[in-house]
Amino acid sequence: MSALRVGDGVDTGATPWCADCEWNLDTYDPGRRTPEFGWGRVDRRTHRIAARLNRRQYADLVGRPLESTGPDWRTSSTATYAACWSPSPR
C-alpha cells in the first residue's frame with residue numbers, strides 16, 4: 001500500500017490516501033472543501049455519509065450492462081407529469 005496525495009504524487013497539501021485500496025479517501029479535508037452547512041461536525045458527517053453511499057452505489061452498479069434496459073413505468077410517469085404540469089407558453 002502506497003499512500004499518495006491528490007495530484008499524481010505532487011505534495012499539494014491534501015490529506016494522503018491510497019489509490020490501490022482507497023484508504024483514507026473518505027476523510028474530510030476542510031482545506032479542500034468549502035463548508036456546506038458551516039458546522040465542522042455536520043460537514044464531516046455528511047461527507048462520510050456521501051462517501052459511504054457512493055461506495056454502495058458503485059458496488060451495486062459493478063458488472064451491470066451500460067446500455068439502457070428501455071422505457072419503464074418511471075419513464076412514462078415522468079413524461080406524463082412533465083406534460084401535465086409544465087407551464088404553458090403565453
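**Notebook: a predicted chain, looked up feature by feature**

I began with burial: of the 90 residues in the protein chain, buried ones make up 10%. I took buried as under 20% relative accessible area, exposed as over 50% and partly exposed as in between, with a 1.4 Å probe and protein chains only. I noted that the model is predicted, so that local features need pLDDT of at least 70 and side-chain atom pairs count only at pLDDT 80 or more, while totals for chains, interfaces and linings use all residues. Residues are numbered from 1 along each chain as its sequence is written, and side-chain values use heavy atoms, with hydrogens and water left out.

**Overall layout.** I found two helices and two strands in the protein chain, in the order β-β-α-α along the sequence. Helices (H or I, at least four residues) and strands (E, at least two) are DSSP runs, numbered from the N terminus. I looked up contacts (heavy atoms within 4.5 Å). Of those between residues at least 6 apart in sequence, 4% join residues at least 24 apart. The accessible surface is about 8000 Å², and 56% of it belongs to carbon and sulfur atoms. That area comes from the Shrake-Rupley method with a 1.4 Å probe; for residues, only the protein chains shown count as cover.

**Helix H1.** I checked the buried residues of H1 and got Asp43, His47 and Ala51. They cover an arc of only 75 degrees around the axis, so they lie on the same side of H1. The arc is that of the directions from the helix axis to the C-beta atoms. Arg41 and Ala59 are exposed on the other side of H1. After H1 comes glycine 63, with a positive phi near 90 degrees.

**Tryptophan 39.** I placed Tryptophan 39 in the loop between strand S2 (17-18) and helix H1 (40-61). Tryptophan 39 is exposed, at a relative accessible area of 60%. Phe37, Trp39 and Val42 make a nonpolar surface patch of about 340 Å². Patches take residues with over 30% relative accessible area and no salt bridge; like charges are joined within 9 Å, nonpolar side chains (Val, Leu, Ile, Met, Phe, Trp, Tyr) within 5 Å.

**Salt bridge.** I found one salt bridge in the structure, meaning a side-chain nitrogen of Lys or Arg within 4 Å of a carboxyl oxygen of Asp or Glu. Arginine 74 and aspartate 72 form it through their side chains (2.6 Å, N to O). Aspartate 72 is partly exposed, with a relative accessible area of 28%.
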